[in-house]
Each structure stands twice: as C-alpha cells, then as structure tokens.
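Me: I would like to learn how to read a model of this kind, feature by feature. Could you give me the general idea each time, and then the case at hand?

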Amino acid sequence: MTFTASLSLDGDSAAISLEGELDASTAPKFHEKVAEAVENNVARLEIYAGRLTYISSAGLRSLLYAQQKMGTGSTIALIGATGPVASVIRTAGLDRSIRMSDR
Amino acid sequence: MEQLTIPASLTRLGQVAAFITTLGDRGNLTSQAAYRLRLATDEIVTNIMMHTRADQICIRGGVAKDKVWVEVANWGPMFDPRVKLKNRIPCSPRGGEIGGLGLFLAFEAVDEFAYEFVDGINKTIFSVRRDPPPGKQQRR
C-alpha cells in the first residue's frame, strides 16, 4: 500500500502533505509527522489532503491527536480533501472542529 | 463467491483492500460504493486485528443481483460490534470519545449490517447496494 507524509516547518506554522492510502498500516507515518509538528509547538498546522485517495478511522485518530495536543489557541486546517475522503471526515463529525477548505 | 484467509496482522490490510477492490469491480460498483465497501471491511478487519485474540481472519464475498456482500469471520472471543454502536455519536470537538469510531464508520458506510456467533465463529456480514438510491449517495 502506497502512502507518504511529508512535513515542512516555517516559523510557528507547519504543513503536512499526504499522498496515497491512509489506513491502520500506514497511519503511523502520518502520526509521526503530526507528533513532530506538535513537538515544535506550532500555532498553525495545515494538512494537504488533495492527493489522499483513502482514509480510515486510523487516519482520523491522528487528526484528533493533533487537535488535542495543539490546544485551544492553535489552528488546524485540512486542505483539498475531496470525494469519499471528505465524506468520511464529515461522517465522523471532524469537520465541526477542524476547518476544511478546497485550497 | 470469493474467499481470502489471512493472519490477523495489519501488514495484510493491502491484501484485504485488493480483495475487496476486485469484488467491487465484479459487482460493477460505483467508485463511491466501492469505497464504502472497502472502508467497512477495513474497519471490521482492523478492529479484529487490534482488539481481539484471533490469529486468523476469513473474508468471503460475493455479488448478488442487487448487492455486493462481505462476511468477515474470526475465531476470537464472542464480540458483537453492534454493541459498540449503541449511543455512539461522531467525534465531538476537543477530545471527544473516540472508541468505536472505526465500527461507527463501518456501520454508516454500508446498506446492511448483521452479526452472528455460530459454533464459536464471529461473523460480521454487510453489503452495499449495487445501485443505491440517490438519497443514500447524496448523504455520503
């Protein structure tokens, strides 16, 4: 199963780009990048999901982890999620607490 | 009917995905329905791998006139996934309870969902319609 997660840091902001299929076997790679961003005490985390073709609850748990660790003064944005990936996020109710945008 | 038997290891999820994708293709599922069937299977199988003592999982699937169905069987302790769904609500903001999220997604993804425990075997059976009504498609 193909999945990549890459992290870039810029001041108090971080961006994670996701590509491929995010399930329980690949989620540790995403979780690792989220943890790295959190350790850098960033105030804003942007997650680019336009090239994400599949997500399960394992991927959603990493988003919840980021949300819990970053605290109330921070911002998490999920960018570019479309189709079934966006539907899964909405079905879980995460769109109520994580801002989703097209770009 | 097709069948796949695998060790209960997360490293086998790719094999499960390939099996379900082939099944969906045979049933001419729309891409959305195929995704839903994969998600449900993935969540049920992952739950068994991570939270039960089962060492092997048997997945069977087939195409019927109006639906594509999947049965996930394991020989672990009796566990009815529907119990986890009672009073289940989607993730609440800021630290909501996340236990059972995968089973919730599985249940929401499919059109039929059943469980039975027979002769020491847990069987979770679910299906997606081959031509779901517009209301169902719009909801997802």
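Me: In which element of chain B is Ile48(B) found, and is Ile48(B) buried or exposed?

Reply: Ile48(B) lies in helix α2 of chain B, where helices (H or I, at least four residues) and strands (E, at least two) are DSSP runs numbered from the N terminus. Burial is judged by relative accessible area, with buried meaning under 20%, exposed over 50% and partly exposed in between (1.4 Å probe, protein chains only); Ile48(B) has a relative accessibility of 6% and therefore counts as buried. Before we go on, note that this is a predicted model, in which local features need pLDDT of at least 70 and side-chain atom pairs count only at pLDDT 80 or more, while totals for chains, interfaces and linings use all residues. Residues are numbered from 1 along each chain as its sequence is written, chains are lettered from A and ligands numbered from 1 in the order in which they are written, and side-chain values use heavy atoms, with hydrogens and water left out.

Me: Which residues is Ile48(B) in contact with, leaving aside its neighbours within four places in sequence?

Reply: A contact means heavy atoms within 4.5 Å. With those neighbours set aside, Ile48(B) touches Ala54(B), Ile57(B), Val72(B) and Asn74(B). As for separation in sequence and in space, Ile48(B) and Leu10(B) are 38 residues apart along the sequence, and their C-alpha atoms are 10.0 Å apart.

Me: What does chain B look like as a whole, in terms of its helices and strands?

Reply: Chain B has five helices and five strands, and their order from the N terminus is β-α-α-β-β-α-α-β-β-α. Of its 140 residues, 49% are buried, and among the contacts between residues at least 6 apart in sequence, 66% join residues at least 24 apart. The accessible surface of chain B, from the Shrake-Rupley method with a 1.4 Å probe, comes to about 6,900 Å², with 51% of that area belonging to carbon and sulfur atoms.

Me: How should I read the packing of α1(B) and α2(B)?

Reply: Two packed helices are described by the angle between their axes and by the distance between those axes. The axes are lines fitted to C-alpha atoms, for helices over the stretch in contact, and the angles run from 0 to 180 degrees between N-to-C directions. In chain B, helix α1 (residues 13-26) and helix α2 (residues 31-51) pack at an angle of about 150°, with their axes 10 Å apart. The pair is therefore roughly antiparallel, given that angles under 35 degrees count as roughly parallel, over 145 as roughly antiparallel, 65 to 115 as roughly perpendicular and the rest as oblique. From α1(B), the residues Leu13(B), Val16(B), Ala17(B), Ile20(B) and Leu23(B) meet Leu37(B), Arg38(B), Thr41(B), Asp42(B), Val45(B), Thr46(B) and Met49(B) of α2(B). By class, eight of the residues in this contact are nonpolar, two polar and two charged, where Ala, Val, Leu, Ile, Met, Phe, Trp, Tyr, Cys and Pro count as nonpolar, Asp, Glu, Lys and Arg as charged, and the others, Gly among them, as polar.

Me: Where do α2(A) and α4(B) stand in such a description?

Reply: The axes of α2(A) and helix α4 (residues 101-109) of chain B come within 9 Å and cross at roughly 130°, which means that α2(A) is oblique to α4(B). Ser57(A), Leu60(A), Arg61(A) and Leu64(A) of α2(A) make the contact with Leu101(B), Gly102(B) and Leu105(B) of α4(B), and these residues comprise four nonpolar, two polar and one charged.

Me: What is there to notice in the phi of Asn28(B) and the phi of Asp119(B)?

Reply: Most residues other than glycine have a negative phi. Asn28(B), in the loop between α1 and α2 of chain B, has a positive phi near 50°, and its relative accessibility of 59% is why Asn28(B) counts as exposed. Asp119(B), in the loop between β4 (112-118) and β5 (121-129) of chain B, has a positive phi near 55°, and Asp119(B) is exposed, with a relative accessible area of 75%.
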